Amino acid sequence: MVEHVKTDAELVAGTLRGSQDAFRELVVRFERPVYSLVQRMVHDPATAEDLAQEVFVKAYRRLDSFDPQWKFSSWLFKIAHNTTIDHLRRGVPETVPLESDEEGRGDLSAVLADEGAESPAAAAERRDLARSLERAISRLRPEYRQAVLMFYAQGASYQEICEATGLPLGTVKTNLHRARRELAEAMTALGWGPGETGKARAS
Amino acid sequence: MTAMRPSPHDALNRWLAAERDASLEAGDAADVADAALREVFAALPQLAPAAGFADRVLARAGLQPATRDVFASRALRLALVLSLIAVSFGALWVPPAVRVLARLWTLSDAVQLGVRALAEGSRGLATALRVGEWLFALGRALSVPLMTPQVMAALTAGLLVSGLAFRFLRDQLTGERSLSYVDPLG
């Protein structure tokens, strides 16, 4: 027998009726995308854990204001966006990934380094690329970084980013375009690109 | 077995090539770049919080108390077992030790020991009081030259400057930062 997988709307309704299990299911369903987004914004696992918890607690407390016509994920990402941007605006210094962070669990370096499936040289280059990408992302201004992570990493649509950030469609598209260009310039400056692999990075 | 993930390098090169390829129409280049960059990110698994995240969220939302199994740690369990063994062995020595002490000591011995301990304690206290008195006298002697108006003014000014400097540094470190972007590569 195929088990019925509850929709987000059903879980929200269950939570509003007082079911803790329904809320727990919502948290489990969205903990990875929310945590990934926040972690790549703040670059600190402990802060990301705290902020991600805060996102879900805020969502729980404001659930009665959720309009079921929205997608729950869009609404949740809007809370994640506001919470993260508020944190960054409070002026808490961001943790910049260290170049020597070989074992930094949770950053791109760690997840890209799949040494078990590659030769040591390929694994080293993959790690190098991951570190560069991490650095390039961390150099984007927060609103660009958020757009890039939502669009490219989370696969969100333009409309979902508009709803999460409260920005008009044109601004979102412009931000994404500029963010992508800046990311490309940063990666090129770090020595990546066709025909340049290893050249600039070796210097 | 570890599954071979597609290398993100090809997608990265396609993305960067599309960004600099002037021969493509702007829309085409953007589409190619978008698709390639999505491929780069698709090669990256999503990050995950530490296990038990949902429980911590529920506890923070006040839905259930945060329970923590204190015996979850293997080191703690081992330490507990070793402590119990040590206490058990120690307990075996208690009755013979009490018997030996009872044979060795009489009531007058115990009283004598108590009086001697009291005398030693009083002597220690007197020594401590003498040291305290000496320190107090030293402090008073040192404070006399500092009580002049000039020294007090200099001290106050020094404290004021230090306080202002500390506040300035703290503002620099934690004050609200402008979110306007400065290209660190430029």
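Leave out its neighbours within four places in sequence, and A:Leu11 is in contact with A:Lys6, A:Ala22, A:Glu25, A:Leu26 and A:Arg29; contact here means heavy atoms within 4.5 Å. This is a predicted model, where local features need pLDDT of at least 70 and side-chain atom pairs count only at pLDDT 80 or more, while totals for chains, interfaces and linings use all residues. Residues are numbered from 1 along each chain as its sequence is written, chains are lettered from A and ligands numbered from 1 in the order in which they are written, and side-chain values use heavy atoms, with hydrogens and water left out.

**The two chains**

- Chain A has ten helices and zero strands, where helices (H or I, at least four residues) and strands (E, at least two) are DSSP runs, numbered from the N terminus.
- Chain B also has zero strands, with six helices.
- In chain A, 51% of the 203 residues count as buried, while in chain B buried residues make up 15% of 186. The cut-offs are under 20% relative accessible area for buried, over 50% for exposed, and partly exposed in between (1.4 Å probe, protein chains only).
- Chain A has about 9,400 Å² of accessible surface, 50% of it belonging to carbon and sulfur atoms. For chain B, the surface comes to about 14,300 Å², with 69% on carbon and sulfur. These areas come from the Shrake-Rupley method with a 1.4 Å probe, and for residues only the protein chains shown count as cover.
- Take the contacts in chain A with a separation of 6 or more: 60% of them join residues 24 or more positions apart.

**Inside chain A**

- Back to A:Leu11, which sits in helix α1 (residues 8-16) of chain A. Its relative accessible area is 3%, so A:Leu11 is buried.
- A:Leu11 and A:Ala22 are eleven residues apart along the chain, with 5.0 Å between their C-alpha atoms.
- A:Ser132, in helix α6 (residues 120-138) of chain A, counts as buried because its relative accessibility is 6%.
- A:His43 is in the loop between α2 and α3 (45-61) of chain A, and is buried because its relative accessible area is 9%.
- Most residues other than glycine have a negative phi. A:His43 is not a glycine, yet has a positive phi of about 60°.

**The nonpolar core**

- The largest nonpolar core has 72 residues, and A:Phe56, A:Phe72, A:Met187 and B:Trp15 touch the most other members. Helix α2 (residues 20-42) of chain A gives this core its largest share, eleven residues.
- A core of this kind is a set of buried Ala, Val, Leu, Ile, Met, Phe, Trp, Tyr and Cys residues joined through side-chain atoms within 4.5 Å.
- Not counting residues up to four places away in sequence, B:Trp15 touches A:Arg180, A:Leu183, A:Ala184, A:Met187, B:Ala33, B:Ala36 and B:Leu37.

**Salt bridges between the chains**

- Over all chains there are 13 salt bridges, each a side-chain nitrogen of Lys or Arg within 4 Å of a carboxyl oxygen of Asp or Glu.
- B:Arg56 and A:Glu49 form one of them (2.7 Å, N to O). This pair crosses between chains, from helix α3 (residues 53-60) of chain B to helix α3 of chain A.
- A:Glu49 counts as buried because its relative accessibility is 14%, whereas B:Arg56, at 28%, is partly exposed.
- B:Arg60 and A:Asp50 also meet in a salt bridge (2.9 Å, N to O). B:Arg60 lies in helix α3 of chain B and A:Asp50 in helix α3 of chain A, so this pair joins two chains.
- B:Glu19 pairs with A:Arg181, their closest N and O atoms being 3.6 Å apart.
- A network of salt bridges links A:Arg180, A:Arg181, B:Glu19 and B:Asp34.

**A nonpolar patch on chain B**

- B:Leu78, B:Val81, B:Leu82, B:Ile85, B:Phe89, B:Leu92 and B:Trp93 make a nonpolar surface patch of about 800 Å².
- Patches are made of residues with over 30% relative accessible area and no salt bridge, with like charges joined within 9 Å and nonpolar side chains (Val, Leu, Ile, Met, Phe, Trp, Tyr) within 5 Å.
- B:Leu78 belongs to helix α4 (residues 74-104) of chain B, and counts as exposed because its relative accessibility is 54%.
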